[in-house]
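Q: Please take a close look at the salt bridges in this model and describe how they connect the chain.

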Amino acid sequence: MTCCLSFLAEAQDYRTALGLRLGPSYGVTVKHFYKTDQAIEGILDARRGGFNLAVLWQQHGRAFDVQNLNWFIGGGAHVGTWRHQYGYPWRSRDLDRDGSYTVVGIDGIIGMEYTIPGAPINISLDWKPAINIVPQVGFWGDGFALSIRYAFK
């Protein structure tokens with residue numbers, strides 16, 4: 001039992017981190033640990049003439065027994081809005097008055113992160129696939145991103 005608790009205690013290298021998320025979509029990310037091995041991440045990103053807000057729960061653990069290198073996996077939900085000119089949705093009844101459309105869906109996330117020893121910098125590489133449920137079902141599998149955050153202890 002003590003072995004398991006020490007493993008979980010090592011999973012967190014910072015308390016809160018704030019930074020940029022870069023990939024097919026780009027934006028800001030904030031991650032906060034509420035337990036030594038569990039965090040909540042908020043991502044606000046822009047793409048295709050709109051924006052998306054995702055909130056994700058994540059389980060963390062030490063990767064390859066390397067100090068400051070962690071894996072994480074989790075999931076959550078998103079809500080976003082885009083302009084119709086990008087080809088989705090196919091039904092005009094799904095459009096808002098201004099010609100945009102709003103999506104709501106679920107997200108997964110899996111990745112690895114590294115916090116630079118002696119520096120307040122956290123670097124993360126992840127994949128965040130998403131499934132839109134409203135206004136219609138659609139899969140977004142291109143959610144790969146590199147995040148660079150300032151880590152607060």
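A: Lys31, Glu41, Glu113 and Arg149 are joined in a network of salt bridges. Within this predicted model, the side chains of Glu113 and Arg149 come together at 3.6 Å, N to O. Glu113 belongs to strand S6 (residues 100-115) and Arg149 to strand S10, so that distant parts of the chain, 36 residues apart, are linked. Glu113 and Arg149 are both buried.

The structure has seven salt bridges. One of them pairs Arg21 with Asp126, at 2.8 Å from N to O. Here strand S1, which holds Arg21, is linked to strand S7 (residues 121-127), which holds Asp126; the two residues are 105 apart. Arg21 is buried, as is Asp126.

Another salt bridge is formed by Arg47 and Asp142, whose closest N and O atoms lie 2.4 Å apart. Arg47 sits in strand S3 (residues 38-47), while Asp142 is in the loop between strand S9 (138-140) and strand S10 (144-152), so this pair ties together parts 95 residues apart in sequence. Arg47 counts as buried because its relative accessible area, 13%, is under 20%. Asp142, at 30%, is partly exposed.

Both of these residues also touch Pro24, which has a further contact with Phe144. Pro24 is in the loop between strand S1 (16-22) and strand S2 (26-35), and is partly exposed with a relative accessible area of 44%.

As for confidence, the protein chain has a mean pLDDT of 87, with 82% of its residues at 70 or more. Over residues 1-9 the pLDDT is below 50. Where pLDDT is low, the predicted coordinates should not be read in detail.

Methods
Residues numbered from 1 in each chain as written. Predicted model: local features only at pLDDT ≥ 70, side-chain atom pairs only at ≥ 80, totals over all residues. Heavy atoms only, no water. pLDDT = per-residue confidence, 0-100. Contact = heavy atoms within 4.5 Å. Helix = DSSP H or I, 4+ residues; strand = E, 2+ residues; numbered from the N terminus. Buried < 20%, exposed > 50% of the residue type's maximum accessible area, 1.4 Å probe, protein only. Salt bridge = Lys/Arg side-chain N within 4 Å of Asp/Glu carboxyl O. Lists of a residue's contacts leave out its neighbours within four places in sequence.
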